[in-house]
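The following exercises are to be worked with the sequence and the coordinates at hand. Each task is followed by a solution in steps.

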Amino acid sequence: MCNNCNHTIHGRHHHFGWDRSIPPVATVAPGESVHFECVDASGGQLAQDSSAADLASLSFERVNPVTGPVHVDGARPGDVLKITIDGFTPSGWGWTANIPGFGLLADQFPEAALNIWSYDADTLAPALYCDVARVPLKPFAGTIGLAPAEAGHHSVVPPRRMGGNLDIRDLAAGTTLYLPVEVEGALFSIGDTHAAQGDGEVCGTAIESPMNVSLTLDLIKDQPLKFPRFTTPGPVTRHLDARGYEVTTGIGPDLMTGARDALAAMVDLICAQHKLSPVQAYMLCSVCGDLRISEIVDMPNWVVSFYLPRIVFE
């Protein structure tokens, strides 16, 4: 519970997908703070005692629930909703899965795999992985957005101009996010909370972890915004930088192929150096490794790099 928040939105008030016709569960004034209880990305289908066998019965109609929506008084199309992320209350557990058919290397990893994480919710000390690695944590919300103007139900899976499943790990405490308002009241919702993720979320999941989020909703009138933007309060990789990185690359005329090649090379490198299985290495890459476009101007070939922080093995 957030003692200083004006409103609390309980986890039972969640929905799947975006739809401007979903009734708001609360109305807030610009400048008020709101405490959201967020369900994990499985919608409660996975638990601390789950195994990879449980992935076979995972219903995708219940994944990525978002808590809300919240009506912001006075919000109109053409305005901008200013979201200041005040903090997170983590649960202390999470999961990472390789779900068949999902992820950047889905064709190479057809078998289901699941890792259940346990971490200290108070200290957020690096979380142990497979007895050989410790992953630094940085809580954030993977899905954060507003209702679209287009009528009907819209999947929560793809990101949109009004936000949604952005999976930007720097939407962490202290960050301010700006989203374009498309409907009256904005209709803000949030969920898909993560304890850690690499840029790219390459296997399709991060450390998916239920947690609560406190934020402040404000309004900027009559300043149309085409796509989301955000401001961070300081450096964004201090939790990863201390020991440097191992980096692999993919080079060629297609960025997606380059990304796959860089990631596949890192999976091979981790397996060779640290004796993890390929799927264990793949999931580790998803929770702490970063895909970067290193060069995109020297045609016909572009360079994609995959950065893995060395600190996870020290």
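The model is predicted.

**Exercise 1. Locate Asp19 and describe its surroundings.**

Solution. 

Step 1. Asp19 is found in the loop between strand S2 (14-15) and strand S3 (26-28).

Step 2. The residue is buried, yet it has no salt bridge. The nearest side chain of opposite charge is that of Arg20, at 6.1 Å, whereas a salt bridge requires the atoms to be within 4 Å.

Step 3. The side chain of Asp19 does form a polar contact of 2.8 Å with the side chain of Ser21.

Step 4. When residues up to four places away in sequence are not counted, Asp19 touches Ala147, Pro148, Gly152 and His153.

**Exercise 2. Characterise the setting of Arg243 and identify the side chain with which it makes a polar contact.**

Solution. 

Step 1. Arg243 occupies the loop between strand S16 (229-231) and strand S17 (245-252).

Step 2. Its relative accessibility is 48%, so Arg243 counts as partly exposed.

Step 3. Leaving out residues up to four places away in sequence, Arg243 touches Arg310, Ile311 and Glu314. With the side chain of Glu314, the side chain of Arg243 makes a polar contact of 3.0 Å.

Step 4. The C-alpha atom of Arg243 is 9.0 Å from that of Val312, although 69 residues separate the two along the chain.

**Exercise 3. Explain why strand S11 is described as largely enclosed, and state which strands it is joined to by bridges.**

Solution. 

Step 1. Strand S11 covers residues 140-146, and seven of the seven are buried, so the rest of the structure largely encloses it.

Step 2. S11 runs antiparallel to strand S14 (residues 188-194), with six bridges joining them. Within this pairing, Ile144 has Ile190 as its bridge partner.

Step 3. Three bridges join S11 to strand S12 (residues 163-165), again in an antiparallel arrangement. Here Thr143 stands opposite Asn165.

Note on methods: Residues numbered from 1 in each chain as written. Predicted model: local features only at pLDDT ≥ 70, side-chain atom pairs only at ≥ 80, totals over all residues. Heavy atoms only, no water. Helix = DSSP H or I, 4+ residues; strand = E, 2+ residues; numbered from the N terminus. Buried < 20%, exposed > 50% of the residue type's maximum accessible area, 1.4 Å probe, protein only. Lys, Arg positive; Asp, Glu negative; His and termini not counted. Polar contact = N/O pair within 3.5 Å; in protein donor to acceptor, adjacent residues only side chain to side chain. Contact = heavy atoms within 4.5 Å. Pairing = 2+ DSSP bridges.
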